[in-house]
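The sequence and model are shown first.

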Amino acid sequence: MTQTITENIYASVTHNVSPKSTTKNAKTKAVLNQAVADLSKAASIVHQVHWYMRGTGFYYLHPKMDELMDGLNASLDEMSERLITIGGAPYSTLKEFDEHSKLDETTGSFEKTMDDHLARLVEVYTYLAALYQVGLEVTDEEGDAPSNDIFTAAQADAEKTIWMLQAERGQAPGIK
Ligand SMILES: [Fe+2]
């Protein structure tokens, strides 16, 4: 993960938070809500892969996508409920997820190879790992240890998923 991706996400997530904001956890709330939008979109992207994959490996990769969706949805629920716990209001409509997520979706296509699908998932999880890095930095800055803990676990999980997806593709993780 390059420093630049993390810096860009940090800047865009916190640009609406005034430096003079009196809310002591404003950036933590912003990054948790960004994760809510992105995890919802990521689950939708994985669902599309689950439906549109064809080729060698289908028999184990098709159910594997269910596992990945379960993991994303568990993180989504955890981030969202932590946000509510600290006084925030999570995005909760498809429209809000779409407007606020930085992940792009494309119409499903049976033309994509299995490797095309897995490569896209590596991009999605790489973005999520970078977003979680911003979560770690912001929660450190604002002294929110429980939220920091959530981002730590989520980042470890995203990086492990990248390793496994890349191994399936015959490639090194390429994370750090
Ligand atoms: Fe299914």
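This is a predicted model: local features need pLDDT of at least 70, side-chain atom pairs count only at pLDDT 80 or more; totals for chains, interfaces and linings use all residues.

I looked up the buried residues of helix 3 and found Leu68, Leu72, Ser75, Leu76, Met79, Ser80, Arg82 and Leu83. I counted a residue as buried if 20 or more other C-beta atoms lie within 10 Å of its own, as exposed if 12 or fewer do, and as partly exposed in between, with C-beta atoms placed from the backbone. Helices are DSSP runs (H or I, at least four residues), numbered from the N terminus.

Residues are numbered from 1 along each chain as its sequence is written.

**Entry: helix 3 and what follows.** I asked what covers the buried residues of helix 3. Helix 3 has 28 residues and reaches 40 Å from its first C-alpha to its last, close to the 40 Å expected at 1.5 Å a residue. The expected span is 1.5 Å times one less than the number of residues.

After helix 3 I noted Gly87, with a positive phi near 95°. Ile86 lies in the loop between helix 3 and helix 4. I recorded Ile86 as partly exposed because it has 16 other C-beta atoms within 10 Å. Leaving out residues up to four places away in sequence, Ile86 touches Asn25, Thr28 and Lys29. Between Ile86 and Thr106, 20 residues apart along the chain, I read a C-alpha separation of 34 Å.

**Entry: helix 2.** Helix 2 (residues 26-52) should span 39 Å at 1.5 Å a residue, and its end C-alpha atoms are 39 Å apart, which agrees.

I then examined Tyr52, which is found in helix 2. Tyr52 counts as partly exposed because it has 15 C-beta neighbours inside 10 Å. Its contacts, not counting residues up to four places away in sequence, are Gly108, Ser109, Phe110 and Lys112. The C-alpha atoms of Tyr52 and Glu111 are 8.8 Å apart, although 59 residues separate the two along the chain.

**Entry: helix 2 against helix 3.** How do the axes of helix 2 and helix 3 cross? They come within 9 Å and cross at roughly 165°; axes are lines fitted to C-alpha atoms, for helices over the stretch in contact, and angles run from 0 to 180 degrees between N-to-C directions. The two helices are therefore roughly antiparallel to each other, a term for angles over 145 degrees. The residues of this contact divide into 15 nonpolar, eight polar and three charged. I counted Ala, Val, Leu, Ile, Met, Phe, Trp, Tyr, Cys and Pro as nonpolar, Asp, Glu, Lys and Arg as charged, and the others, Gly among them, as polar.

**Entry: helix 5 against helix 6.** The axes of helix 5 (residues 114-141) and helix 6 (residues 145-168) come within 8 Å and cross at roughly 160°. That makes helix 5 roughly antiparallel to helix 6. By class, I found 13 nonpolar, 10 polar and three charged residues in this contact.

**Entry: Leu103.** I located Leu103 in the loop between helix 4 (94-100) and helix 5. Leu103 is partly exposed, with 19 other C-beta atoms within 10 Å. Beyond residues up to four places away in sequence, Leu103 touches Asp38, Lys41, Ala42, Ile45, Val124 and Tyr127.

Key:
Two residues are in contact if their C-beta atoms, placed from the backbone, lie within 7 Å. Angles under 35 degrees count as roughly parallel, over 145 as roughly antiparallel, 65 to 115 as roughly perpendicular and the rest as oblique.
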